[in-house]
Structure formats: structure tokens, C-alpha cells
Amino acid sequence: MRREFRTLYWRNSRLYLIDQKALPHRLRYVALSDYRQVAKAIKDMTVRGAPAIGVAAAYGLALAALKARGSDPLKVLERLQKAADVLRSTRPTAVNLFWAIERVMVRAEAAARDGEDVARAVLEEAHAIAEEDVKVNRAIGMHGAQLIRDGAKVMTYCNAGALATVGYGTALGVIRAAVEQGKRVFVYVPETRPKLQGARLTSFELKLEGIEHRVIPDNTAAYLMSRGEVDLVVVGADRILASSGHVINKIGTLSLAIAANHFNVPFYVAAPISTIDFRRTLSEVRIEERDEREVLEVMGRRIAPKGARAINYSFDVTPPSLVRGIITEKGIFGPTELYKLQPQ
Ligand code: MRU
């Protein structure tokens, strides 16, 4: 396997996804030929991470458009609308999912209006979103790497790496870029209960890159900070609200941010502009709640007594006062100055 892998790619009218449920023990791709399979893969987290699910959904629409090819353009649009609704219903919190679907639908509608081949237009747009993702992540990495000094000990959270994007990653992209500049970087990887994206996926990526790291139980983070052993925290985001600067990311991010602020450790968020929500306010955002079994079981084995119930919010909300900066492809911004990035 090459060091730089692609989380997903398109070949011969199929979407190939790394099955992230099987990692780190097995690296295998699954081939999908129907948008409903893509919706299922997003829902069951075969593919996960905000940018990656956006791109997967865009290709899901390409699959739907290809199936409808040959019908008149209005029929194709109707089918696409239905597919878009199904794809939107998979995970409610990451804004990239809605952003990518909207971008593809705008292109499809224009193509239908202009008498172009809608399926081709949809596929081209999905490819464009996928290609931009890697470029944008490299730019985020370049801006963020200046925050990391040689010899730094950096903490990340969940997986905001290549696996959460098409390639390179956002928060892990920042770490990668610093390493590419020749800096020595040591990474703390909280395991990230309940789905263990840190222990399974971030550790997998860092190991491939040869970046020194330790997996830590989530509840070890504050203690390490109290001992002065963390220089910087950098995490990803599923949605950042331009209206207020709140950062919505994997459950547990808020606790890390509180601990980092208490111990004067700079807390940064790395995310593409496509993760910034320029429309909604906090009360309009739905925080995903997942199946209780994810908490009551570990890798399919029950750990809590029969009949015990669980709370399983997938994301939490970090207030802007705890965030030192948002690292984007256009530079580093304060959480309350994101309105400057609004696309015209
Ligand atoms: O539930 P997941 O694994 O999809 O959550 C992923 C995260 O919370 C990431 O930090 C976020 O999507 C940013 S990925 C570049």
C-alpha cells in the first residue's frame, strides 16, 4: 500500500470506499453501484468524517444520475431529488454532506436547463469536489504547520486525517505538513469512545507515516496537559457556525477544549471553508444521536449489564471563547471572524 491512499475513488461507474469498519486490521475497499448503498455506507460509518461523507454523497448522486440516464432531463432531476433526500437523511450534523449535495444539485439543474447530459455534469462535479478536497487540505496543512515548532507534542482527537477526507486530512494534515517540513512531532491520540476512531484510524495513519505517537484513553488528556506535556491541540470539525463561532465536532472535543484552556494549551480547529455554516444558528443544528449499543458494547461485545441504557450523542459544541483559531485553506482566523470567508 502507498503511503498516500485515497479514502474513496471512482472507477468504471462505481464508487470504491475504504471500509473503515474493518480498519486497522483489514484494508479493503467496497465497490458501490447504487446510491442507496452509499447512503447505508454513510449511516453505518463504512465512510465517515465530514469531508469524506460529502464527497461520497456527491458520487452517490452520480450513481443515481447514471441509472436514470436516457430518461428526459426532468425525470432525471426528479430521481436525483429523491436520491438527494435519502443521502441527506443519513447523518444530520456534518455540514459538508449538505454542502456537497447542494453543489451537485445546482450543477444538475443547470445542465438540465442547458440541455446537457445531466449524468455527465453530476459526475464532473463530484470529481471536482473530490480533487478540491485534497488541494484544500494541503493548504490547511501549510497554514497550520507554522503553529507547530520542532519537537512539539501535539494532541488531536477522533480522526481528522486522510480517512476523514479524500486524502491528506485536516487536523492530521497540519501535523503531516509540519513533519514534511522536517520538524519532529510527537502526537497524542485519544482513543475516542465509543467508535474508537483515534485508536483505530488515527493511529493507523500515523503508523503508516512513521509519525511517533501514543494512543491514550480519553480521560488521560487533561492529566497530560496538567503536567505540561502538551504544546498544542488541533482537532477537526463537522460544522462551524459563522454566526457565532461555535465549533461542532466529535463528542469529547468540548472536554478537551475546556482542559486545554484551563492549562493554557492553545486549542486550534482545522477545517475547510466547506465546513463553515454561513446560514444557521446554534438552535437550528441537529446533533446526531446514535444507537445506544455503540456505548453498551465494545466492538460488538456487550460490556454493560443487560437492560442498562446509554446516552450516545455523536458530537458536542465548543464555544468560541475556548478556540484560539480556525485553520482554513485561506489562513488562520479567529472563530468570530469567519464571516470574512463567506463565498460571494
Ligand atoms: O463520527 P465521525 O467519525 O464521522 O466524526 C468525525 C469527526 O468528528 C471529525 O473530527 C470531523 O468530521 C472532521 S474530519 C476532517
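1. A residue is taken to be near a molecule if one of its heavy atoms lies within 4 Å of that molecule. In this predicted model, 18 residues surround the ligand, and the closest are R48, R91, Q197, N249 and K250. Local features are described where pLDDT is at least 70, side-chain atom pairs count only at pLDDT 80 or more, and totals for chains, interfaces and linings use all residues. Residues are numbered from 1 along each chain as its sequence is written, and side-chain values rest on heavy atoms, with hydrogens and water left out.

2. A polar side-chain atom of N249 is 2.7 Å from an oxygen atom of the ligand, an N or O atom in the side chain of R48 is 2.8 Å from a ligand oxygen, and for an N or O atom in the side chain of D238 the distance to a ligand oxygen is 3.0 Å. Of the 420 Å² of accessible area that the ligand has on its own, the protein covers 99% (accessible areas come from the Shrake-Rupley method with a 1.4 Å probe, and for residues only the protein chains shown count as cover).

3. The shell around the ligand comprises eight nonpolar, six polar and four charged residues, where Ala, Val, Leu, Ile, Met, Phe, Trp, Tyr, Cys and Pro count as nonpolar, Asp, Glu, Lys and Arg as charged, and the others, Gly among them, as polar. At least two residues of this shell come from each of α2 (50-68) and β9 (247-250); helices (H or I, at least four residues) and strands (E, at least two) are DSSP runs, numbered from the N terminus.

4. Cavities and pockets are found on a 1 Å grid over the protein atoms alone: a cavity is a set of points where a 1.4 Å probe fits but cannot get out, a pocket is an open set with protein on both sides within 12 Å along at least five of seven lines, and lining residues have an atom within 4 Å of a point. Grid points are joined across faces, edges and corners, and a volume is the space filled by probe spheres set on the points. By this rule there are four cavities of 30 Å³ or more.

5. The ligand takes up the space of the largest cavity (a molecule sits in a cavity or pocket if more than half of its atoms lie within 2 Å of its grid points). This largest cavity holds about 190 Å³, and 23 residues line it, those closest to its centre being R48, G49, A50, N159 and D238. Its lining divides into 11 nonpolar, eight polar and four charged residues, and α2 and β9 each supply at least two of the lining residues.

6. The second largest cavity has a volume of about 40 Å³. Among the residues that line it are M45, P194, K195, Q197, K250 and R290, and by class its lining has four nonpolar, three polar and four charged residues.

7. The largest pocket contains about 800 Å³ of space. It is lined by 33 residues, of which W99, I273, S274, I276 and F278 are the closest to its centre. Two or more lining residues come from each of α2, α4 (95-113), α5 (118-145) and β11 (276-277), and α4 gives the most, with seven. In this lining, 16 residues are nonpolar, four polar and 13 charged.

8. The volume of the second largest pocket is about 290 Å³, and of its 14 lining residues P194, K195, E294, M299 and G300 are the closest to its centre. Both α10 (293-296) and β12 (297-298) supply at least two residues of this lining, which by class has five nonpolar, one polar and eight charged residues.

9. Some backbone details deserve a check. The peptide bond from R193 to P194 is cis, with omega near 0°, and P194 is placed in the loop between β5 (185-190) and α7 (197-209). A cis peptide bond also runs from L23 to P24, with omega near 5°, and P24 is in the loop between β2 (14-18) and β3 (29-32). C158, in the loop between β4 (152-155) and α6 (171-180), has a positive phi, near 55°, in a residue other than glycine.

How values were computed
A polar contact is a pair of N or O atoms within 3.5 Å; within protein, one must be able to donate a hydrogen and the other to accept it, and residues adjacent in sequence count only if both atoms are side-chain atoms.
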